[in-house]
Amino acid sequence: MLRSEWTKLRTLRSTWWCSALYLLVVGAFGWLAAATTPSAPGPEAAVGVALIGFAFGQVVLVVLGVLAVTGDLGGPMALASLAAVPRRTRLLVAKTAVVTVWAALLTALLAAVCVLAARTLVAVPGGVPAGDPAVLRAAGLQVAGAALVTVLAAGLGAVLRSTAGAVGLGLGLVFVGPPALALAGGGTASRLSQALPALRVGEDAFLAVPTTWPVGLGVALAWAAVAWTLGAGLLERRDV
């Protein structure tokens with residue numbers, strides 16, 4: 001089943017457009033940000049600057065994750081797919097696993113490129129060792145965050161079965177809502193901003209009210225788990 005889902009994913013033109021755009025946006029922003037930062041006090045700060053492209057690039061992951069589900073189950077192919085795989089939850093597991101692994105691999109590659117940009121272009125006392133625990137943590141958090149955003153997007157695709165609706169809701173949750181609530185100010189808005197799965201750049205929530213990285217990752221994990229479980233439940237209950 002994983003092999004067939006990988007065949008479906010790689011034969012979608014949207015997969016390669018999204019992948020190319022993700023690589024271009026994150027890589028270009030990373031090198032540009034590093035090139036315009038002459039120095040940083042430590043390796044973690046230097047890498048954090050180079051990771052800024054993920055704040056915009058993860059928007060593409062929302063589209064990629066949604067399309068992996070709605071491209072098959074949101075159109076006329078749904079009947080054929082569900083007839084071929086009656087165990088619908090297993091089908092959604094396979095779709096989610098394939099697109100999430102693909103997103104994680106792309107993100108790991110980009111994180112390495114961003115670390116290289118920081119090492120090459122930003123002056124840091126003692127340099128930017130690739131094996132520094134702070135550097136590895138920042139890069140690892142980016143990969144984990146990207147994987148969770150992709151699972152969330154796949155879950156929203158299964159819930160709504162509409163590409164436009166799921167992409168709009170996903171972008172509202174991870175890109176628009178957290179910074180908008182942070183700008184609104186006030187205690188309630190700040191707590192709501194922290195409770196949404198904000199895009200994270202390294203350990204910092206991009207323009208949202210910051211939290212510690214374990215809390216931010218836990219919030220993203222909770223949203224992804226709820227959306228995916230709801231999507232799987234609705235997929236089992238619907239006629240088609």
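Trainee: How many salt bridges does the structure hold?

Mentor: Side chains of opposite charge can pair when their charged atoms come close. The cut-off applied here is a nitrogen of Lys or Arg within 4 Å of a carboxyl oxygen of Asp or Glu. For this predicted model, the number of salt bridges is five.

Trainee: How far apart in sequence are the parts that the salt bridge between K95 and E5 ties together?

Mentor: K95 and E5 form a salt bridge with their closest N and O atoms 2.9 Å apart. K95 belongs to helix α6 (residues 88–121) and E5 to helix α1 (residues 2–11), so the pair ties together parts whose separation in sequence is 90 residues.

Trainee: What is the accessibility class of R137 and E44, which meet in a salt bridge?

Mentor: The salt bridge of R137 and E44 has an N to O distance of 3.5 Å. It links distant parts of the chain, 93 residues apart, with R137 in helix α7 (residues 133–160) and E44 in helix α3 (residues 43–50). R137 has 33% relative accessibility, and E44 likewise has 33%. Values between 20% and 50% fall in one class, so R137 and E44 both count as partly exposed.

Trainee: Which element gives the most residues to the lining of the largest cavity?

Mentor: The search of the whole structure finds two cavities of 30 Å³ or more, and the largest holds about 120 Å³ of space. Its lining has 14 residues, with Q58, G145, A198, L199 and R200 nearest the centre. The elements that give two or more residues to this lining are α7 and α10 (213–237). With five residues, the element that gives the most is α7.

Trainee: How do the residues lining the second largest cavity divide into nonpolar, polar and charged?

Mentor: The second largest cavity has about 60 Å³ of space, and its lining residues include S193, L196, R200 and V219. Helices α9 (187–195) and α10 are the elements that give two or more residues to this lining. The lining divides into five nonpolar, four polar and one charged.

Trainee: What is the geometry of the aromatic pair of W16 and W102?

Mentor: Four aromatic pairs are counted in the structure. In the pair of W16 and W102, the centres are 5.6 Å apart and the planes stand at 75°. The two residues lie in distant parts of the chain, 86 residues apart, W16 in helix α2 (residues 13–35) and W102 in helix α6. An angle over 60 degrees sets the class, and the geometry is edge-to-face.

Trainee: Which residues form one aromatic cluster?

Mentor: W16 is partly exposed at 41% relative accessible area, whereas W102 is buried at 17%. Together with one further residue they form a cluster, whose members are W6, W16 and W102.

Trainee: Why is the pair of F29 and F56 classed as it is?

Mentor: F29 has 35% relative accessibility and counts as partly exposed, as does F56 at 32%. The cut-off that matters is planes under 30 degrees apart. The ring centres of F29 and F56 are 5.0 Å apart and the planes are at 25°, so the pair is stacked.

Methods: Residues numbered from 1 in each chain as written. Predicted model: local features only at pLDDT ≥ 70, side-chain atom pairs only at ≥ 80, totals over all residues. Heavy atoms only, no water. Salt bridge = Lys/Arg side-chain N within 4 Å of Asp/Glu carboxyl O. Helix = DSSP H or I, 4+ residues; strand = E, 2+ residues; numbered from the N terminus. Buried < 20%, exposed > 50% of the residue type's maximum accessible area, 1.4 Å probe, protein only. 1 Å grid on protein atoms, 1.4 Å probe; cavity = no way out; pocket = protein on both sides within 12 Å on 5 of 7 lines; lining within 4 Å. Points joined across faces, edges and corners; volume = space filled by probe spheres on them. Nonpolar A, V, L, I, M, F, W, Y, C, P; charged D, E, K, R; others polar. Phe/Tyr/Trp six-rings, centres within 6.5 Å; stacked < 30°, edge-to-face > 60°.
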